Amino acid sequence: VTASVPSGTSKGGYEAFELLDGGARYDGKGTRQAADKIKTAIAPAILGLAIDDPAAIDRKILALDGTETKCNLGGNAILPVSACLYKGAAAALGIPLYQYFGGRFATELPMPIATVIAGGKHSLSDALDFEDFICIPYGFSSFSEELEAIARIRRNLEQALLKRWGSVSDTGGAL
């Protein structure tokens, strides 16, 4: 079981601490320290525990860290382990992850959400007061229809911006 924990540029006051290596490697954003915390602290504390209650294992990991911001182990060490726990619990039951969370009769994937314009202090121009403009499709009958709606909205938005201002230069990769 694997998990990915991407890191964004935004660091709000309520976000978990991200344990980074510093130094020249990956401009200081390497994660060998986080990987080491998984191997040396988290794994020994949870190995042998039953996967049937991943929330209990999560609580044990959080107690091991002992901080509100996850600054001892790093959120980027805790979160992928937690994701793997839940994926493993679903796999042990032979059910998809969405059914593990949504119940035995769940038939829908989670709704896709996408940034359509990136702005705020992380944008190149600082011209937009809002950090992100996010599209949340609602009222569609399937995940694929929701995803297609997001793509159409992004494409139409780009065309409208091009028509109005003649360029779309600062979308943060969102358009």
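**A tour in questions**

Guide: Let's start with threonine 115, which is partly exposed, with a relative accessible area of 29%. Buried means under 20% relative accessible area, exposed over 50%, and partly exposed in between (1.4 Å probe, protein chains only).

Visitor: What should I know about the model and numbering?
Guide: This is a predicted model: local features need pLDDT of at least 70, side-chain atom pairs count only at pLDDT 80 or more, and totals for chains, interfaces and linings use all residues. Residues are numbered from 1 along each chain as its sequence is written, and side-chain values use heavy atoms, leaving out hydrogens and water.

Visitor: Where does threonine 115 lie?
Guide: In strand 1, residues 114-118. Helices (H or I, at least four residues) and strands (E, at least two) are DSSP runs, numbered from the N terminus.

Visitor: How far is threonine 115 from isoleucine 136?
Guide: Their C-alpha atoms are separated by 9.0 Å, and the two are 21 residues apart along the chain.

Visitor: New topic. What span should helix 1 have?
Guide: Helix 1 has 15 residues (32-46) and should span 21 Å at 1.5 Å a residue. The expected span is 1.5 Å times one less than the number of residues. Its end C-alpha atoms are 20 Å apart, which agrees.

Visitor: Where is the kink in helix 1?
Guide: It is centred on isoleucine 38, and is about 35°. The bend at a residue is the angle between axes fitted to the seven residues ending there and the seven starting there.

Visitor: Which residues of helix 1 are buried?
Guide: Ala34, Ile42 and Ile46 are buried. What covers the buried residues includes helix 2 (54-65) and helix 3 (75-93).

Visitor: How do helix 1 and helix 3 cross?
Guide: Their axes come within 9 Å and cross at roughly 50°. That makes helix 1 oblique to helix 3. Axes are lines fitted to C-alpha atoms, for helices over the stretch in contact (heavy atoms within 4.5 Å). Angles run from 0 to 180 degrees between N-to-C directions. Under 35 degrees counts as roughly parallel, over 145 as roughly antiparallel, 65 to 115 as roughly perpendicular, and the rest as oblique.

Visitor: And helix 2 with helix 3, at what angle?
Guide: Roughly 165°, with the axes coming within 9 Å. Helix 2 and helix 3 are therefore roughly antiparallel to each other.

Visitor: Which residues meet there?
Guide: Among them are Ile57 and Ile61 in helix 2, and Val81 and Leu85 in helix 3.
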